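The sequence and structure are shown first.

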Amino acid sequence: MKDQFVVPARLKKTSFVLMGVGLLTLLIGLIAFKDENATRFWAGLLQNSSFFLLITLASTFFIAATTLAHGGWQIAFRRVPEAISMAVPALAIILFVVVMALVFGGKEHIYHWVNLHHVHEDPILTWKAPFLNKSFFTIATILTLGLWIFFTIKIRNMSKEEDGWDLKPETGKKILWRNTVVAGGFLVVFTLSVGSTTPWLWLMSIDAHWFSTMYSWYTFASTWVSGLALISLFVVYLKKNGYLTYVTEEHLHDLGKFMFAFSIFWAYLWFSQYMLIWYANMPEETAYFQPRVWGEWRPIFFLNLLINFITPLLFLMKRDTKRNYSAIVFIAIVIIAGHWLDFWQMVYPGTVKQLQFPWYEMGLGLGFVGLIIFLVSNQLTKAALVPKNHPYLKESIIHHT
Amino acid sequence: MAVKNFVVGLFDDEAVLFPAVKKVRTAGYKLHDVYTPFPIHGLDHAMGLRESSLHTAGFIYGITGTTTALSFMSWVFNVDWPLNIGGKPHFPLPAFIPITFELTVLFAAVGMVMTFCYLCQLMPGVKKHIFHPRQTDDKFVMVIELTEKTNAEEVKNFLKASGAHDIEEQQAEAGWWFGRFDKDDEPYLRKVKPVNA
């Protein structure tokens, strides 16, 4: 039984090539988008860094939520979301640099509330100023990123440490108890950040006049389903390379069910946000949907629904597709690409405005994918792939749907 | 529906029941049914039951609900009685979606419950033979149907060897009949000669 992951040379090479593509695109972007075009340079960075940070953070959420629910089925591959979550610190630093550059570099085409003249002349922004100002933004960002990194590392270290313990009933109880406490703490932080204020600050404040209470949940649903797709991709990759002996189609089936369910959940939030605004038809609310539904972003807006709702709904409906490795890989890639597109249409109509082929954004995205592959494969080697002392391991091995 | 001869055995534990079910199938006896106090994962597979088609039925009911809702609302607001509601178009798709969703769920749920009852032959006023009073309480009951090729004594010995107890031979109606479970009515077909005697 192969229990210790060794990074294959091909995977390492792929990750370096992808990171190279990303860096090259960044350099080209730096040269190509100057002066009044610089908005696109920063918008691409904001879109990609927030998207990829949040989909890796979804792995921490996965661990915390399943721990708190006393789930046993995921233990056989628990080290995979753990390794993915360890990409959070690096991605958080990238995002922090980007948003600080936007706020303190006076990038008012991205966040027009950073210009104090606008704020003074604008009653809506003046009214929002106690929340939407540079210091609150900075403090909230530092606090959330710091807490995410703290809890992610804590969960990972606890899990690694438990491998060295003796297997006794008391240690089993202790593992469950301390994991539950930390998972509970993380979920409180997660709900107060991703579930409410963080997407308001980073993404919704692009359209600072507009507001939607669904927005954070919408962002969460988007990144959570993509995070599940990312976990599935790594699980299938490891399984196909002869690792994760205990993972079977039963586990894959459950991951497929999760992707299916949360694609529907995403669509539910997508629709709820749209319908309430459509029904009330108030100018200050419809401003957000004007360029997206009636402007040049219309094809992207509906493509978004097609990729992220109709495709997973019909594709994952059958039991056989959820138990098929190739089918899961296909739909996981579709979901990640689809939600990347979703983030693109969340950021761009309010910043760059025109619809252009996203070569620059795609290049950056590939760079982030390479970075995630590099960090995660590196992390996977640092611990055994099966947490052998976890009390629920047997439950996971005999798991049956 | 027919009265048949059965051999009934009780099991205390699912760990004993599972290998017994597998042995019965390899030995080639005709398994009538296994009654358990709670659902057991994988037992349907061990018994060799085919995949349920309930979910396909559910999908069809759901699609029917979607079509019914959309076509009915479109007909009402466009053909039968067009009204101007808040300046909205006559075919306001976003406003139709919640109702369409509800009707999809309603059709799927009610349809699947009824199909489930049909497949399991459950209905108020319909009664089936209970092989052992503790079959849904705390005992696992395995019922083997006797055919012209099986010998009752042989089956009894076989069940005993598999770990069953309280083994007995029963003559019972295999299907359902009209009756009530709270009344102790003997099956009215009792006097009939079993078809596999």
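What percentage of the 197 residues of chain B count as buried? In this predicted model, 18% of the residues of chain B count as buried.

**Fold and dimensions of chain B**

Chain B contains 5 helices and 6 strands, arranged along the sequence as β-α-β-α-α-α-β-β-α-β-β. The radius of gyration of chain B is 25 Å, whereas the globule rule gives 16 Å for 197 residues, so chain B is more spread out than a compact globule. The domain assignment divides chain B into domain 1 (3-51 + 125-178) and domain 2 (54-120). The overall dimensions are collected below.

| Quantity for chain B | Value |
|---|---|
| Radius of gyration | 25 Å |
| Span of the C-alpha trace along the principal axes | about 80 × 35 × 30 Å |
| Separation of the centres of domain 1 and domain 2, over C-alpha atoms | 43 Å |

Of the contacts in chain B between residues at least 6 apart in sequence, 79% join residues at least 24 apart.

**Nonpolar cores**

The largest nonpolar core comprises 109 residues, and A:L228, A:F234 and A:M259 have the most contacts inside it. Another core, of 22 residues, lies apart from the largest one and includes B:F6, B:F11, B:L17 and B:I144. Beyond its neighbours within four places in sequence, A:M259 is in contact with A:V225, A:L228, A:A229, A:S232, A:P312, A:L316, A:I331 and A:I335.

Methods: Residues are numbered from 1 along each chain as its sequence is written. Chains are lettered from A and ligands numbered from 1 in the order in which they are written. This is a predicted model: local features need pLDDT of at least 70, side-chain atom pairs count only at pLDDT 80 or more; totals for chains, interfaces and linings use all residues. A nonpolar core is a set of buried Ala, Val, Leu, Ile, Met, Phe, Trp, Tyr and Cys residues joined through C-beta atoms within 7 Å. A residue is buried if 20 or more other C-beta atoms lie within 10 Å of its own, exposed if 12 or fewer, and partly exposed in between; C-beta atoms are placed from the backbone. Two residues are in contact if their C-beta atoms, placed from the backbone, lie within 7 Å. Domain bounds come from an automatic or database domain assignment. Helices (H or I, at least four residues) and strands (E, at least two) are DSSP runs, numbered from the N terminus. The radius of gyration is taken over C-alpha atoms; the globule rule is 2.2 Å times the number of residues to the power 0.38.
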